[in-house]
Amino acid sequence: GIMAGGSFTLEVGGLSLQMELFDLVVFVCGLLLGLVVIPMWPRIEVWLRSIIQGKPPQWLRSSKKGTLYHNNDSLMQMNPSLRTSVEKVCIMSELLEDMCMVVAVGPQLQVVTMNDGLKNLLRIDQVPGAKMPEYVHDMIPDAVHELHKKWVTRSFSEGCLPDSLMHPLRSIKVKRADGTSVKCDISIGTMTEGVEMASSPFYAILTPIPGEDDDQHENWRRAAAYIYGANVAKAVARGDVPSPEIYQSATILYLDVVNFTTSCASRSPTEVAQWMGKFHQIVESEICNFSVRKIETRGDCYCCVTGTNAVDGDLASNQMTRMVGFAQEVCTRLLDESGTNIRIGIAYGPVTIAYIGTNQFVPTMCAFGQTINTAASMESSGKSGLVHLTEGAAQQYAEEYVHLNHTKVDYTSSLHDVETKTQGYQTAAWYDVFKGEFRSVDQ
């Protein structure tokens with residue numbers, strides 16, 4: 001109760017506390033202030049730090065109210081902890097004047113909030129009647145709308161964001177309110193860990209690229225064309241897994257380093273890296289020179305195909321002579337330039353090339369069929385300096401050679417039997433890469 005003189009007595013559990021009325025008012029005000037300050041502390045902490053660094057927040061620098069532009073409905077649908085995370089990231093962005101940031105949520109990428117940097121980049125205030133984009137798609141040029149939506153759908157279905165190095169839209173043009181566009185580097189991520197993608201907000205940080213005129217998406221498409229072939233690259237760039245390719249007559253080559261494990265054991269890790277770097281540089285350059293299509297690489301092993309017409313110059317009519325020419329050049333260069341001996345096996349016949357979807361957002365290319373197994377057997381039973389061809393491959397080489405050079409080639413003297421793991425004994429032929437001719441089994 002209130003006693004004479006304006007003092008106040010509070011009894012709790014037998015404990016009596018006496019204080020002046022003024023002290024009580026101060027105590028209550030401090031309690032209320034604490035209830036307000038504690039939830040706001042992340043924001044206040046950032047403001048204080050920015051003021052100390054000489055970069056006061058926007059609301060202290062001008063009469064404009066606030067620097068965060070919210071889609072209130074989307075923001076209020078989040079739980080309090082996520083709303084706090086969104087606001088704290090946006091406030092932190094004030095410390096970096098060139099940072100442009102947007103936060104979105106859900107499979108439709110509904111915009112929750114964006115900072116002043118992005119609002120200025122989009123020139124929203126400069127266009128009468130312009131409003132903050134409702135969806136991230138609204139900021140993307142029409143030409144890549146469908147492609148972007150397809151990649152977003154795939155992200156949510158697989159439950160993970162694309163690897164930044166694999167994402168074809170990591171550097172794109174952003175559409176402004178006045179109809180112009182600006183090219184930006186984009187970094188994306190989720191704001192919370194251990195939460196399903198459908199529930200976690202996404203953030204995107206955009207950095208304008210000054211003086212950048214080339215189309216990054218086209219650069220990525222050209223890279224995909226080199227890896228997969230021009231026709232398949234179109235499907236890969238759309239985010240699709242291409243359909244299998246079936247060929248009745250194609251040429252398969254397997255290439256492997258002789259005594260690779262032993263050679264690695266005698267080298268330091270740095271020396272192995274340098275050695276393999278040179279190895280791959282030589283093989284890759286000749287792949288381009290002979291219009292060969294690479295299927296896969298595993299350490300020191302290459303699997304390649306010709307006769308699919310998937311890359312420029314890969315004609316079915318000279319597929320075997322090109323592949324043997326490729327084998328000759330690679331074998332000679334590797335021995336001359338790095339002292340590396342290799343085994344090479346070649347087979348000819350039906351091949352199916354398939355694409356396997358992965359969580360890396362680009363499909364893995366694989367080849368299947370008995371021709372693949374036979375080529376691998378030819379390689380494993382081969383010798384350095386010689387190309388080991390099946391009888392069918394040797395016959396195809398002879399037919400192409402006659403057609404191209406009007407000269408017959410005799411391969412019959414080099415025929416011999418070799419045991420394979422899957423097909424028993426097979427008839428094969430030796431081709432000498434240094435002499436450029438079939439080697440007799442008597443030699």
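Is Arg-123 buried, partly exposed or exposed, and at what relative accessibility? Arg-123 counts as partly exposed, at 25% relative accessibility. The cut-offs are under 20% relative accessible area for buried, over 50% for exposed, and partly exposed in between (1.4 Å probe, protein chains only).

This is a predicted model: local features need pLDDT of at least 70, side-chain atom pairs count only at pLDDT 80 or more, and totals for chains, interfaces and linings use all residues. Residues are numbered from 1 along each chain as its sequence is written, and side-chain values use heavy atoms, without hydrogens and water.

**View 1. Asp-178 and Arg-123 form a salt bridge.** The closest N and O atoms are 2.9 Å apart. A salt bridge is a side-chain nitrogen of Lys or Arg within 4 Å of a carboxyl oxygen of Asp or Glu. By this rule the count comes to 12 salt bridges. Asp-178 is partly exposed, at 36% relative accessible area.

**View 2. Arg-333 pairs with Glu-286 in a salt bridge.** Their closest N and O atoms lie 2.7 Å apart. Arg-333 sits in helix α11 (residues 319-338) and Glu-286 in helix α10 (residues 269-289), so the pair ties together parts 47 residues apart in sequence. Helices are DSSP runs (H or I, at least four residues), numbered from the N terminus. Both residues are buried. Shared partners join Lys-278, Glu-286, Arg-333 and Glu-337 into one salt-bridge network.

**View 3. Arg-298 forms a salt bridge with Glu-296.** The closest N and O atoms are 3.2 Å apart. Arg-298 is exposed, with a relative accessible area of 60%.

How values were computed: Helices (H or I, at least four residues) and strands (E, at least two) are DSSP runs, numbered from the N terminus.
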